[in-house]
Amino acid sequence: QVQLVESGGGLAQAGASLRLSCPAPGRTFSTYVMGWFRQAPGKEREFVAAVNWSGGRTYYADSVKGRFTISRDGAKNTLYLQMNSLKPEDTAVYYCAADTVAMAPYRSTWSRSSIYNYWGRGTQVTVSS
């Protein structure tokens, strides 16, 4: 069983930046899409961003577009989420997820949590005003 491990969360002031990292499942797996989701207290988990592992195409939730950047480093086999201009409403536990079975052929499906078969345990991001 593969367990993804996120890092880079913490406490930040509004307007500051944080970068999250998450190693991909490993070279024995073919990673197709990786994404970031978040869950705030009392709310459902929501999609943040996703990237196609081979081509680098990206997809963002409207709430983070222009502030967050998802990227991947193939050499390091690592997923990143650069979060700029943080807002208090970005406070949540952030999860990375991986699709290693090609469940999502279309970019519009990358926001569905059901297409990801591996998940991390989450890292807390808290933004103070």
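Why does F37 count as buried? Select F37: its relative accessibility is 2%, so F37 counts as buried (buried means under 20% relative accessible area, exposed over 50%, partly exposed in between, with a 1.4 Å probe and protein chains only). Before moving on, note that this is a predicted model, where local features need pLDDT of at least 70, side-chain atom pairs count only at pLDDT 80 or more, and totals for chains, interfaces and linings use all residues. Residues are numbered from 1 along each chain as its sequence is written, and side-chain values use heavy atoms, with hydrogens and water left out.

F37 and F47 make an edge-to-face aromatic pair, 5.6 Å centre to centre with 70° between the planes. (Rings of Phe, Tyr and Trp, the last by its six-membered ring, pair if their centres lie within 6.5 Å; planes under 30 degrees apart count as stacked, over 60 as edge-to-face and the rest as tilted.)

Next, pick W119. With F37 it forms a tilted pair, 5.1 Å centre to centre and 55° between the planes. Show Y59 and Y116 too: F37, F47, Y59, Y116 and W119 form one aromatic cluster.

Stay on W119 and select R45. The charged end of R45 sits over the W119 ring, 4.0 Å from its centre (the rule: NZ of Lys or CZ of Arg within 6 Å of the ring centre and within 35 degrees of the ring normal).
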